[in-house]
Amino acid sequence: MTLNLQNLLDFQNIIDALQWGSFYALIALGYSMVYSILMLFNFAHGDIFMVGAYIGFGIASLLVGLTVAGSLALPGWVILILTLLGAMCLTSIVGMAVERIGYRPLRDAPRASAAITGLMIGIILEQGNLILLGAKRRSFPEIIESQTFSIGGVDITNIKIMIVGVSLAFMLALHLFIKKNKWGMAMRAMAFDYLVVPLMGVSINAIARMTFAIGSALAAVAGIFFGMAYPVLEPTMGIVYGWKAFVAAILGGRGSIMGACFAGFLIGFIEIFVPLVFPSTLRDLIAYSIILLILVYRPHGFFGEPYSAKLRL
Amino acid sequence: MTPDNPTSEKHYLRLRHNVQHRLSLVPILGWLLGALLAVILEQLAGDYLVDALDMDKMPSLLGILAIAKDIKYFLWQGWDQLVIIGKMFAGGAFSGVVSVPDPFQTPRVLLYVFLVYFLPIALFGTLTIRPANWMADKLSKLPSAVSVIGYLILLYLVMHIWADMSAYRGMALRFTLIAVMLTLSLNVINGYMGEFSCSHPGFMALGAYGASVVTVVLFANDKLFGAALLPKFLAPAFFPLALVVGGAVASFGALLIAVPSFRTRGDYLAIISLAFLFIVKSLIENLEIVGGPRGLKGQPDLASLPVVFTWAVLCIWTINNFVRSTLGKALNAVRDDEVAANAMTVNTRRTKMTAFLFGAFWAGVAGGLFAHVLRYVNPATFGLQKLAEVLAMVYFGGLNSVYGSIVGAVSISLLSEALRPFELFKWVIIPLLLILVMIYRPTGLIAFREFDVRSVLKPKQNPESEV
Amino acid sequence: MRKALYVVLACVVLSLILSPCAWGRAKAIKIGINAPLTGDIPKVGEGTRYAAEMWKADIDAAGGLKVGKKKYPVELYIEDNESKAESAVRANTKLITDDEVLVIVGPQSSKQAVPAGEVANNWKTPMISPWSTNPDTTKDRPYVFRGCFLDPFQGPVLANFITEEFGFKKAAVLYDVASDYPKGLAEFFKEAWEKLHGRGSVVAFESFTTKDVDFSSQLNKIRNSGAQVLFTPQYYNEVALIVQQANSKGIKMPIVGSDSWGSAETVELCGEDCYGLFFSTHYAAAGAKGATKAFIDRYEKKYGYIPDDVGALTWDALRLVQSAIESCGKLTGRIEKDRKCVRNALAKIKKFDGITGNMTFTEEGDPIKCAVIVRISEKGEYEFFKSVCP
């Protein structure tokens, strides 16, 4: 085992880790919101991320294809915005449908049962994609031409900067929405007490729908950015990132938007930096041992309030 | 017979009632003996019947596989037909007709299953109600250990003769028994204890590798571990030891999770156990001594049907006793209300630890058996997909129920084997089924039911009374 | 009860009606195909399936496989191994014990072929893996054969090629540690390279695990290591990601690959980033002659694209199986005996004229064959560059 410490100081890695962490953070937000507000594990979320990426792929391919064919003359950034908006809308609908089919009928059932339905819906989404589109890999179209800037020996692409910047902007927007908006307040209230708040005239169904919609829209953003950064899409891509983001969501602490973002970036940083110091095969081993240790010393995550969950089973 | 003929209708209803009544009188003993008769019949006459019906081979798994293949043929054909018709409307030429799969197995398979299984079992069961009940009564008066062992021997005989006819049946049966063990051990944690543990594939992996290392080091000439240390004939004697080592390794792993996660109540077990699953997988991938990511092969062929059967029975027996013991009741109390249980002098932490380690032990043993049935293990087997599979079995069968776990494991294993011809659709059909079960019975098919061997085996009719 | 009786009656009638057409037909020869139809490398599974279907169409057109004086129809049993080791083991077990196939063709990649070969050998069923280049697949397994060259041959071929062509002295390797094929080949390459340029000349030996998509930390390490060339023996889906990420990091060194690159998907996913790169493979489609060209043309006409090396190798493997069964002389109908006969016939095959080269099996069941170095042209085609024979 050779330790190579000067790699740690390479600024390049920080850029890479920021990009890698923003995917986890965006996906983790969806988990975290559902978990905080409805006290549910939404195990279908990883696959919603996958669906988002594929919807984005579909819209982007169409627009890029039309532009190349000459029937449309759109600059790259317009295509990107259209793709983002379209995919966010459509993925939110998928998210709301998942809530309607898989979670609403089980609102009074044990929480674990709802988690299992979520897991199963995830499997169906994944297999459905395999059936519809086949096992062939899809290559995400190049929406914006990648340009590499070299600043002091560090190579940064415009796509990396955009991904990190736009992701942070979305996180900030969500934070403001939750803190300042009336609906955001209703969500926080629901997270505080889901038995009493409905009595105050807040519809739990509306809040649940909105939670799933927002989470899914963010997952779609993550999916499109993922496709732009790693342009090989496959139907099973949701599983691994979904479960890792789930760890991030819990690590962040219940009910904390900031926590989920922070934990997402933390996992990104751990996964990029561990292979720099240790042999790359040990990455998962060391990364998750660190997370395990954090949870041992901070069992409620970084920003979570200690609470006593009264399980309904 | 037309339905508007009142006498025949009445006659039919009476007949149906009679049949139902008679069927309800058959004790388990009668069914078992009938099944024994059926498998002996298949052993003796199955080949002739296969020839007479001009089938390819004996239908494995009660013919479900063959029927599924035919159904698939029609479904796929149907799709092709739609495409053809669509093309026709679009102006193309009509080219193709609905065809029958060749060879068309379903009618023959149904006939075979009817003649070999259904008819003998039903006839034997209903015709021997009195002697079977009389025997069941006599058996129930014996010490329960003796009678239960008698029943188990009978059950084993049925399985053995049935599995003897093709290696595939034997393998499917052994995997099903292992699935039962896994499901039960996870039910102790997720059902009886009410936590949500994600690390079961991890425990299974630890058990599989623990047991494999013991047997490979001792009895196999292996590239990684060198020549065998002990002669081969000792292997069966050491196999239980190897499995216990596997179970112990899994329990040790469980201890590492249990110490931090049972300090607080909440969902932290879910996360810590998930992280643990990743860690175990990564750890094994980095241990070159056990083959790393490429897996460990060369396990001696030790997990034969009797061995797996014995361990499965042992597992069901211990877990059933465990959950019905004081400790098991304490466990339920902790699940329902930890604070109240604590106030009632239940040592909650120790109770949870014991149950968790106990569940992990049996997962490890099941893993060890799994490795020796497949005779190859690799870390990728024990990933998130395996987790989804085991969770599906537990929640399908029912929480907090030994009976439910057996039903869940057997039905999901059977389904996933039977739906094989549907390829990708297999993992759409099974999740859909599970979602329906969750929506209509949120705790599973047979949840919260005690598994009482005596009441299952008792005679269905007082031998003194008249039929 | 009454309904059940009707069903049974209907079954009896139906089977009697349908039976005459089936009665007396010769028992078919069953060939098992164990292929990755889904999972990480579906294109490989597709190539396998298409080649097998083409072969079966030939047999059907000829009225069956002629063994001795009798013609037998052939049935293909295609099992999906999801590109996973454990599924390949299960698929093989099912093919052998439930479907009772005579021969198995597949699995393709070494990750599945190494463990699945163990099953075939334990059950004494001949298996021939067309594409698996890892030595462990056939080692000490009399019943397992392969249709391609081995990694101990391919590693030095690539090391020599890079040295002669570019004159480089320092190489980096990036490979998937969780998969038999990349791991084995990476090690053979390292050994060969260090033999040529001395210890420490492989300046970065970096790994990742299956399903990883971000290689930035590994690539950053490679960039800082001063390597002149990057060797990555990966499958096509990872090749695209590795090459593109390397380009976006401004890594200018040439990237060299191995026979796993030889799928049409590589260029489709990777695009212009891959143009001008080299890799070693089993045959070059562009500029082929004779039977090879006939096969390529037929395949392209039927399925719309030029066959990968997997398709060609599978075709050769099936032809090998065919000639072994034919030279068996007589099928007894007792599956164990027939399997043994086919195995012995396979081992005796001398100078088989395949479309990917001549083949004679060694004691281990490995053929001695030539490798081809291919360059990806500016049009995205695989151009023949040179051929290296043992």
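Modeller: Strands pair, in the sense used here, if DSSP finds at least two bridges between the two of them. The strands themselves (E, at least two residues), like the helices (H or I, at least four), are DSSP runs numbered from the N terminus. Bear in mind that this is a predicted model, where local features need pLDDT of at least 70, side-chain atom pairs count only at pLDDT 80 or more, and totals for chains, interfaces and linings use all residues. As for labels, residues are numbered from 1 along each chain as its sequence is written, while chains are lettered from A and ligands numbered from 1 in the order in which they are written.

Colleague: Fine. What makes strand 15 and strand 16 of chain C a pair?

Modeller: Strand 15 (residues 371-376) and strand 16 (residues 382-388) of chain C share six bridges, in the antiparallel sense, so they meet the pairing rule. C:Ile376 stands opposite C:Tyr382 in strand 16 of chain C. The two strands form a hairpin with five residues between them, and C:Gly380 in the turn has a positive phi of about 80 degrees.

Colleague: Which elements of chain A touch chain C?

Modeller: First the totals: 25 residues of chain A are in contact with 27 residues of chain C. Contact means that the C-beta atoms, placed from the backbone, lie within 7 Å. Helix 1 (11-38), strand 2 (148-151), strand 3 (154-157) and helix 9 (257-277) of chain A each give two or more residues to that side. Helix 1 of chain A has the largest share, four residues.

Colleague: How many residues of that side of chain A are nonpolar, polar or charged?

Modeller: Ten nonpolar, ten polar and five charged. Ala, Val, Leu, Ile, Met, Phe, Trp, Tyr, Cys and Pro count as nonpolar, Asp, Glu, Lys and Arg as charged, and the others, Gly among them, as polar.

Colleague: What is in contact between chain B and chain A?

Modeller: There, 37 residues of chain B meet 39 residues of chain A. Helix 10 (268-286), helix 15 (384-397) and helix 17 (426-440) of chain B give two or more residues each. Helix 10 of chain B gives the most, twelve residues. By class, the chain B side has 26 nonpolar, seven polar and four charged residues.

Colleague: Why is helix 10 of chain B called largely enclosed?

Modeller: A residue is buried if 20 or more other C-beta atoms, placed from the backbone, lie within 10 Å of its own, exposed if 12 or fewer, and partly exposed in between. In helix 10 of chain B, 18 of the 19 residues are buried, so the rest of the structure largely encloses it.

Colleague: How do you know that the span of helix 10 of chain B agrees?

Modeller: The expected span is 1.5 Å times one less than the number of residues. For the 19 residues of helix 10 of chain B that gives 27 Å, and the end C-alpha atoms are 27 Å apart, so the two agree.

Colleague: Why is B:Asn400 called buried?

Modeller: B:Asn400 has 25 other C-beta atoms within 10 Å, so it counts as buried. B:Asn400 sits in the loop between helix 15 and helix 16 (402-418) of chain B, and has a positive phi of about 55 degrees although it is not a glycine.

Colleague: What about C:Asp140, buried or exposed?

Modeller: Exposed, because C:Asp140 has 10 other C-beta atoms within 10 Å. C:Asp140, also not a glycine, has a positive phi of about 60 degrees. Its loop runs between strand 6 (127-129) and strand 7 (144-146) of chain C.

Colleague: Which residues have the most contacts inside the largest nonpolar core?

Modeller: Among them are A:Ile27, A:Val221, B:Met181 and B:Ala275, in a core of 352 residues. A nonpolar core is a set of buried Ala, Val, Leu, Ile, Met, Phe, Trp, Tyr and Cys residues joined through C-beta atoms within 7 Å. Not counting residues up to four places away in sequence, A:Val221 touches A:Leu26, A:Leu84, A:Met88 and A:Phe170.

Terms used. Two residues are in contact if their C-beta atoms, placed from the backbone, lie within 7 Å.
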